Amino acid sequence: MPVNEFTIRVGGDTLEGGIIRTGEFLAHALARCGLEIFTFRTYPAEIKGGQAMIQVRTAEYPVYSHGDEADILICFDEESWEVHRDEFRYDGVLIHDSKFEPKGVPGTATVYGIPFSEIAKIRLRNPMAKNMTILGSFSALFGLPPSVFEGLIESYWAGRPHIVQSNLTALKAGYEEAKKLEKKDPFWVEPRPMRDRLILSGNEAICYGAVAAGCKVFAGYPITPSSDILEWMMTHLPRFGGTPLQVEDEISAIGAVLGASFAGAKAMTATSGPGFSLMTEFISHAAMAEIPCVILNNQRAGPSTGMPTKTEQSDLYQAVYGGHGDVPRIVLAPSTVQGCFYVTVHAFNLAERCQLPVIILGDQALAHRTETILPIDLNSLIIINRDVYRGDGAEDGYRRYRLTETGVSPMAIPGGPGAYSAEGLEHNEEGHPNWDQENHMTMTQKRFRKLELALRYEEDYPGFQGYRWYGPERADVGVIVWGSTAGAVREATYLAEKEGLSVAALHMSTLYPLHREVVRRFILSMGRVLLPELNYTGQFAHLVRGETGLDVVSYNRVTGVPFKVREILDAIRDLAREAVAAR
Amino acid sequence: MAVDAKVREKYKSEVKPIWCPGCGDFGVLTATFMALGALNLPPEQVVIVSGIGCSGRFPGFTTCYGFHSLHGRTMPVALGVKAANPDLTVIAVGGDGDTLAIGGNHFMHACRRNINLTYLLLDNNLYALTKGQASPTSFPTQVTDSTPFGSYEADVEPCALAILFGATFVAREFSARAKKTAEIIVQAIEHPGFSLVHILSPCVTFFDTYDLYKQKIAELPEGYDPTDLYGAVRTATDPERKWVGVLYRGHRPTFEEMIPKIRQKAEEKLGPGDLQAMLDRRRV
């Protein structure tokens with residue numbers, strides 16, 4: 001459907017300037033035309049130079065993935081055409097700066113060469129405004145009213161009238177230049193009534209979620225792709241009476257989080273794989289001393305420094321198994337921008353409720369993409385605070401690590417009654433170091449009982465879905481998915497159903513502790529079960545096999561970019577054939 | 001300094017210290033009880049953060065709040081405690097390996113942050129809990145189980161480091177002088193900013209330095225100027241003597257003083273936080 005349903009990709013060297021902003025303006029403009037948007041970006045790890053790309057997918061219905069190929073490709077320079085031509089639709093539209101002539105464009109494609117550089121540099125003497133001339137041309141070619149871009153420019157540079165004016169001039173110049181061209185393609189924007197939507201990135205949604213949950217102390221260290229969370233917290237958390245800390249390393253970050261939480265504040269840190277590795281010793285301590293905390297790991301391609309600006313789902317092992325000793329912890333994974341907000345709120349709730357470390361596994365693609373999402377009503381949120389000891393109901397004396405049915409013991413807060421020592425050594429109920437044989441067994445059981453409480457969270461708070469089962473109770477093919485891969489799976493299963501295939505999906509948001517019985521039932525109800533994930537070793541598949549004793553078919557890719565819908569659809573088709581043959 | 005023995009008792013927990021008889025750390029524990037008693041601080045207002053080592057067990061021997069953290073990580077935890085509740089009195093306790101080897105990075109940044117806390121560095125010149133290996137304050141010629149032929153490295157002087165890293169109160173004492181140590185701890189707690197008390201605390205089991213330090217220590221002379229930063233560094237690194245007393249005293253805004261200042265600046269520039277309004281502004 002070429003009207004209101006297409007994918008635009010913008011590419012060019014970052015030295016060209018304004019590539020990502022071009023895409024962001026397109027996304028906002030399309031959203032203001034009443035459409036849903038979903039963006040995806042990759043940028044170079046170099047300090048200056050290198051190819052950046054932003055892709056904007058739009059439709060009248062909610063979109064869950066970034067789009068397999070570009071229907072409309074906008075190239076700032078020749079290299080960007082070479083980089084993106086393989087993912088350019090054979091009968092798509094190529095818009096390029098006419099300072100170069102793209103080679104090997106399929107005859108089926110429509111090509112518009114427009115002298116963006118010349119207009120900006122020579123005619124307008126404003127090379128920075130090239131992206132605005134591109135937006136003007138886009139407006140002329142695809143019917144997106146220029147007034148929408150004008151409004152965006154005016155609000156983006158509010159209070160800086162001369163920048164607004166020069167950008168409006170550039171927008172107009174690009175518009176008029178493209179108006180001279182003959183329209184030869186079918187893509188078109190048909191504005192619809194505005195919908196009530198927010199546009200947020202995954203990382204922004206996480207910041208808002210943390211503040212909504214009551215986070216008062218944040219500690220972090222710069223690392224891609226989580227540095228923007230540190231910057232946001234350093235800027236905004238003080239406005240909410242909180243204290244953000246940029247510390248000397250990730251060990252210090254998690255240490256400060258534990259110290260703050262021990263002293264009664266809700267606290268979190270945000271990092272990526274390398275920083276998370278440094279934190280694991282303290283995560284083990286948090287489990288032993290029973291200190292609530294939230295740790296976000298926005299995964300990127302590894303091992304080691306890997307590909308810092310590329311996405312992967314390869315930190316599941318270290319999230320679920322990392323740390324020395326038997327470490328109870330909760331691992332959650334959001335899959336959408338909206339999910340980033342709510343999962344963060346639930347992460348704090350679970351940490352407070354269970355007095356456990358809660359790890360959020362995000363990823364680079366989700367962290368930095370933007371989506372239109374439904375408005376968030378803060379009054380509708382349920383916020384849980386830890387069970388604090390206030391000096392009552394303990395006739396036989398306060399015991400910090402009192403054995404209870406749920407495993408959770410009321411927590412005394414410095415400044416208040418019940419002074420105790422938070423212990424990393426194995427300890428008795430009072431918190432005194434103790435290594436009697438029975439004591440270690442009993443206290444380990446106590447700490448792990450809290451995982452059962454974690455699994456009951458969704459029963460008590462039905463707003464949270466630790467898992468979602470899409471489609472029929474029984475099918476030829478089942479797909480188990482976690483994290484941001486869920487979007488591509490959702491679209492692939494929809495297309496598979498339309499083809500008449502029998503398919504269901506199980507989307508896990510709570511990765512650990514695993515809802516073992518649900519996953520078992522799902523696997524036993526399906527002919528074949530596919531588990532696609534962006535890692536080489538099949539990390540969640542291993543966890544599922546280990547926890548359920550049942551097998552799944554792993555589908556692994558490590559290319560640094562998210563799955564395409566088509567890749568998953570093809571895998572579903574293959575398994576469907578096998579399942580039908582085996583019926 | 002008047003100390004009432006009864007007041008002191010309220011800081012002593014029922015847990016008996018596991019240190020070897022004669023360990024220097026007993027002196028520091030006693031001195032700490034005396035100092036807390038002199039200041040009449042309620043135990044629930046005090047947080048004692050420790051790392052790992054013989055000194056790591058310190059918090060459990062008191063009736064104060066405690067946080068027995070990880071090896072080298074007292075400072076991150078103490079920073080977090082202060083960020084959450086600046087009104088608490090925080091005392092960090094670390095050994096020489098804890099503070100200067102595995103925790104060296106945190107130590108440096110804690111000094112420069114000028115967090116209003118008192119750091120008791122219990123220096124016994126080796127790792128004792130792991131039964132006698134060389135530490136950053138071991139003497140270069142000192143033979144230990146991990147340096148049977150002497151050390152490759154020079155030793156470090158923690159007071160000089162702390163002064164140059166930006167600590168605003170740096171003092172040294174000897175654990176055998178419990179009362180003097182208590183007086184210094186009182187001054188350190190009262191000082192607004194990062195206070196290091198370097199306490200020579202001999203290990204009777206693996207490297208008994210009582211006699212050595214009894215000979216080597218000397219009280220700072222009358223008229224010593226603790227505000228002279230480079231003079232203090234020279235005094236701290238004197239190869240002939242271990243000078244005891246307040247080596248350095250400076251003044252800079254503390255971490256705790258910066259918290260409301262930063263909040264005020266953020267509010268002046270961006271307004272008080274209203275999350276619903278922020279979200280609503282992100283409407284398409």
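**View 1. Aromatic pairs across the model.** Welcome: searching the whole structure turns up 30 aromatic pairs over all chains, where rings of Phe, Tyr and Trp (its six-membered ring) pair if their centres lie within 6.5 Å, with planes under 30 degrees apart called stacked, over 60 edge-to-face and the rest tilted. This is a predicted model, in which local features need pLDDT of at least 70 and side-chain atom pairs count only at pLDDT 80 or more, while totals for chains, interfaces and linings use all residues. Residues are numbered from 1 along each chain as its sequence is written, chains are lettered from A and ligands numbered from 1 in written order, and side-chain values use heavy atoms, leaving out hydrogens and water.

**View 2. A tilted pair, Phe138(A) and Phe142(A).** The ring centres of Phe138(A) and Phe142(A) are 4.7 Å apart, with 50 degrees between the planes. Phe138(A) is buried at 1% relative accessibility, and Phe142(A) is buried at 0% (buried means under 20% relative accessible area, with a 1.4 Å probe and protein chains only).

**View 3. An edge-to-face pair, Trp469(A) and Phe522(A).** Here the ring centres lie 4.9 Å apart and the planes meet at 75 degrees. The pair ties together parts that are 53 residues apart in sequence. Phe522(A) is buried, at 0% relative accessibility.

**View 4. An aromatic cluster with residues of chains A and B.** Phe262(A), Tyr401(A), Tyr420(A), Tyr65(B) and Phe67(B) form one cluster.

**View 5. A charge over a ring.** Arg490(A) lies over the face of Tyr64(A), 3.9 Å from the ring centre (the CZ of Arg or NZ of Lys must be within 6 Å of the centre and within 35 degrees of the ring normal).

Technical notes: Buried means under 20% relative accessible area, exposed over 50%, partly exposed in between (1.4 Å probe, protein chains only). Helices (H or I, at least four residues) and strands (E, at least two) are DSSP runs, numbered from the N terminus.
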